[in-house]
Amino acid sequence: MVLFAVFCDITGYFTKNPKLYEVSWWNLTFATVSIFIAIIFGQIEAGLAEPYRASVSTLNVHTVLGWSLSGILALVTGWRYVIRLQERPQLPIPYLAVSVLLVGLVCIQSYLGSLLVWVYGLHTIPVVDAIRGGLS
Amino acid sequence: MNPDLLEQWGSLGVNGLPYIIPIHPNLVHLTLGLFIAAIAFDIVGALFPVEKAVFKFLAIPVTRSSLFDVGWYNLVASAIVTFFTVMAGLFEVSLAVPLADVTSAWGLHALQTMILHGVGGVLILTLIVGMTVWRGFQRYQWRKDMARQVQWSYLAAGLFIFALMFVQGTLGAHLGGEFGVHITADQMLHLGENPNQL
């Protein structure tokens, strides 16, 4: 949602299509609500994960970045709310810069989450069995 | 895939891919997020008369047509992205070496799960593209001047596709989580190695 919001912002900026700014704002709002649901499930599942040694540091960074993103995303959405109320014809450049930064953080966060599942295999059956069998 | 054939590739990692993280499960989040948001905003747009008071209470200025804009643009983006999702899925499933001695929570073996997930993927791609065409006709032809841009039957079809996506997603999760497809740690355990060596 964040990725698509920023994509619409940048496309809207260059094509001067105000509809895309609305699409972006609503995607961002949707993302801000969703991220808290994502964090709740993330916390439950991370709490149940019993990560083994090699995966601990990745899980820690993923947790810290996830919570940070909820704050950053809420801030950006709040900023966007104000910009939207002002009904400007164009988005301010600093806002665009921050949202591109936000995209970077979202990509890093997805990468870390992918590492946890696809490299470390947390919550996959073979790894869970191995942890029960003494892997730590 | 036959392991002898995979050896011809030469440079595949323990996870069976030429890179460490599979692409398909990442792209699928874009497919799902965009499609779900598209239908969700069309529902919000369709029920707009009921929600007016809520938006007013939240001090969020809304025009009904902008909610339908979200429904349309998100759907178009979903349709485009999903071609890449399916493409990445076909590439990665053709390199898959699932654990053979496992039965999933749905009582299926790896091959059955792979075939169902593959057929399901192409089916859902077709449905998303079909929905986009249907949505386009409603937006630009049939309901161009109507306050409610979408038909109820369109929204119902969207919800039905949510259900298909749930089934498809669960099959995909079985491929990773139970059959260990492209999961480095699972493949290491299968080889008798310790994933702490990662």
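Axes are lines fitted to C-alpha atoms, for helices over the stretch in contact, and the angles between them run from 0 to 180 degrees between N-to-C directions. The legends below describe close-up views of a predicted model.

**View 1. Helix 2 and helix 6 of chain B cross at roughly 160 degrees.** The axes of these two helices of chain B come within 11 Å. Because angles over 145 degrees count as roughly antiparallel, helix 2 of chain B is roughly antiparallel to helix 6 of chain B. Their crossing is left-handed. Helix 2 of chain B contributes B:Pro25, B:Leu32, B:Ile36, B:Ile39, B:Asp42, B:Ile43 and B:Ala46. These meet B:Leu155, B:Gly158, B:Leu159, B:Phe162, B:Met165 and B:Gly176 in helix 6 of chain B. By class, ten residues of this contact are nonpolar, two are polar and one is charged.

**View 2. Helix 4 of chain B contains a kink.** The kink is about 25 degrees and is centred on B:Val81. Helix 4 of chain B has 30 residues, which at 1.5 Å a residue should span 44 Å. Its end C-alpha atoms are 42 Å apart, in agreement with that expectation.

**View 3. Chain B meets chain A through 29 of its residues.** By class, the side of chain B that touches chain A has 14 nonpolar, twelve polar and three charged residues.

**View 4. Helix 1 and helix 2 of chain A cross at roughly 160 degrees.** Helix 2 of chain A comprises residues 18-48, and its axis comes within 8 Å of the axis of helix 1 of chain A. The two helices are therefore roughly antiparallel to each other. The crossing of helix 1 of chain A and helix 2 of chain A is left-handed. From helix 1 of chain A, the contact involves A:Val2, A:Phe4, A:Ala5, A:Cys8, A:Asp9, A:Thr11 and A:Gly12. From helix 2 of chain A, it involves A:Leu20, A:Tyr21, A:Val23, A:Ser24, A:Asn27, A:Leu28 and A:Ala31. Nine residues of this contact are nonpolar, four are polar and one is charged.

**View 5. Helix 1 and helix 4 of chain A cross at roughly 150 degrees.** The axes of helix 1 (residues 2-15) and helix 4 (residues 93-119) of chain A come within 10 Å. This angle makes helix 1 of chain A roughly antiparallel to helix 4 of chain A. The crossing of these two helices of chain A is left-handed. Helix 1 of chain A takes part through A:Val2, A:Leu3, A:Val6, A:Asp9 and A:Tyr13. Helix 4 of chain A takes part through A:Leu96, A:Ser99, A:Val100, A:Leu102, A:Val103 and A:Val106. The contact has nine nonpolar, one polar and one charged residues.

Terms used: Residues numbered from 1 in each chain as written. Chains lettered and ligands numbered in written order. Predicted model: local features only at pLDDT ≥ 70, side-chain atom pairs only at ≥ 80, totals over all residues. Contact = placed C-beta atoms within 7 Å. Nonpolar A, V, L, I, M, F, W, Y, C, P; charged D, E, K, R; others polar. Helix = DSSP H or I, 4+ residues; strand = E, 2+ residues; numbered from the N terminus. Expected span 1.5 Å × (residues − 1). Bend = angle between axes of the 7 residues up to and from the residue. Parallel < 35°, antiparallel > 145°, perpendicular 65-115°, else oblique. Left-handed = near helix turned anticlockwise from the far one by under 90°.
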